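Grab a pencil and work through these exercises with the sequence and the 3D view side by side. Each task comes with a solution, taken step by step.

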Amino acid sequence: MSYGNQVQFKVYKEQEKAVVPVSYEELEQAAKEKLDESPYYYVAASAGGEETARANREGFHSWKIVPRMLCDTRKRDLSVELFGKTIPYPILCAPVGVQSIVHPEGEIASARAATSMGVPFISSTASTHSLEKVAAATADESVKWFQLYWSSDREIAASMVQRAEKAGYDAIVITLDTPMMAWREKDIENAYLPFLMGQGIGNYLEDPVFCSRLEKPPHEDLVGAVTYWSQVFGNPSLTWDDLQFIKMHTSLPILLKGILHPDDAKLALEHGVDGIIVSNHGGRQVDGAIAAIDALPEIIDVVNGEIPVLMDSGIRRGADIVKALALGAKAVLVGRPYIYGLALAGDAGVNQVLRNLIADLDLTMALAGKKSIRELDKSLLKRVER
Ligand SMILES: Cc1cc2nc3c(=O)[nH]c(=O)nc-3n(C[C@H](O)[C@H](O)[C@H](O)COP(=O)(O)O)c2cc1C
Ligand SMILES: O=C(O)C(=O)c1ccccc1
């Protein structure tokens, strides 16, 4: 029996204990049926008319895999190396804030599930559970990164980065595309702001610098804490020169998330960052922005192998990952798929969504004639305009 068949049998066998639908569309539908309208749309909806969210998918559709034959793909190796650590698959859990709106255990359950299978977890600044509690839910040797929303009170930003380093995180992801929330029509219709109920601000409520700015501690005056949070959450005044400030406060590798323009990739290199994540935030920020997969090739050219380039926005199946990697991404991040798994079945749901994605990737690699991530390049793809 070939290794490929073993993967299939294992997946079929595990289906007996299935807790979530296998297809992405059915997964999303099941989450819609389970969740209340406001949290469901907070996760599922994108900015404006959702043109960019659609473009993310259409972008993948316009690349086609041209499989190779007779390549002996019995044994495959999906591992990649990032900042000196080998991860078993080229997949990470994207930073997603306020996960407690879909499941009370939120980020803790997701981090536990992901890292137990070797999938790095990127912990969001906007988590309900603090970065220390998320780290405590994972094994010491597991790979985890911390995502920074750079507060307009920069001492808070510095404090969070230092806390992350102390708690054992391996890298800092600075998200650049969300100094403020975009025009999200569903959330406006639903007047939905979970932060006002104290959700998604766990990292602030436990931050010594944040708390030192308050008149009363958060447990005595949550409204005061939330009000201050709303004043300092975003920082639209940042410029490239500010990066130096965070670099001074950490020895961890720094990645910039939300890069779409090749000139920004150039600036990232000039400012000495360690990695780039090509992303349009899953279509949740600039509606009308270029699809992340369409932005990727030019950025890969500019970066020219100097630092790792990762991508996210619209990854739904194994073939999407093969396409992103063939176009030069080192690894991909997934967002909504694992959040729907969390909504439906807590850590078991996250586990199953990731397991399915990995098995799909593994089979797609084998059937495309590729046995290692290193073998993926543009020659496997053809662009088909429709
Ligand atoms: C509900 C939700 C919350 C998010 N919160 C954050 C966040 O706190 N920080 C961040 O950098 N990105 C955040 N993102 C964006 C993701 O990291 C990622 O870029 C995006 O989800 C990828 O697209 P996908 O959902 O199509 O996989 C969020 C996305 C969703 C769906
Ligand atoms: O909703 C988001 O996309 C996001 O990035 C975010 C921003 C602030 C708090 C929580 C999530």
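**Exercise 1. Find which residues come nearest to ligand 1, and say what the shell is made of.**

Solution. Start with the nearest ones: of the 23 residues around ligand 1, Ala94, Gly97, Ser124, Gly282 and Gly335 come nearest. Two elements give two or more residues to this shell, helix H3 (37–44) and strand S11 (332–334). Here a residue is near a molecule if its C-beta atom, placed from the backbone, lies within 6 Å of it. Helices (H or I, at least four residues) and strands (E, at least two) are DSSP runs, numbered from the N terminus. Now sort by class: the shell around ligand 1 has nine nonpolar, ten polar and four charged residues. For that sorting, Ala, Val, Leu, Ile, Met, Phe, Trp, Tyr, Cys and Pro are nonpolar, Asp, Glu, Lys and Arg are charged, and the others, Gly among them, are polar.

A quick word on the ground rules. This is a predicted model, where local features need pLDDT of at least 70 and side-chain atom pairs count only at pLDDT 80 or more, while totals for chains, interfaces and linings use all residues. Residues are numbered from 1 along each chain as its sequence is written, and chains are lettered from A and ligands numbered from 1 in the order in which they are written.

**Exercise 2. List the residues around ligand 2 and sort them by class.**

Solution. First the list: Gly97, Val98, Ala126, Thr178, Gly200, His281 and Arg284. Then the classes: two nonpolar, four polar and one charged.

**Exercise 3. Which residues does glycine 369 touch?**

Solution. Begin in the loop between helix H16 (336–367) and strand S12 (381–383), the place of glycine 369. Leaving out residues up to four places away in sequence, glycine 369 touches Pro67, Arg68, Met69, Cys71 and Thr73. In contact means C-beta atoms, placed from the backbone, within 7 Å. Then check one pair: glycine 369 and threonine 73 are 296 residues apart in sequence, yet their C-alpha atoms are 6.2 Å apart.

**Exercise 4. Which residues touch the most other members of the largest nonpolar core?**

Solution. This core has 116 residues, and Ile276, Val278, Leu296, Ile299 and Val332 touch the most other members. A nonpolar core joins buried Ala, Val, Leu, Ile, Met, Phe, Trp, Tyr and Cys residues through C-beta atoms within 7 Å. H16 gives the largest share, 15 residues.

Methods. Contact = placed C-beta atoms within 7 Å. Buried ≥ 20, exposed ≤ 12 C-beta atoms within 10 Å, placed from the backbone.
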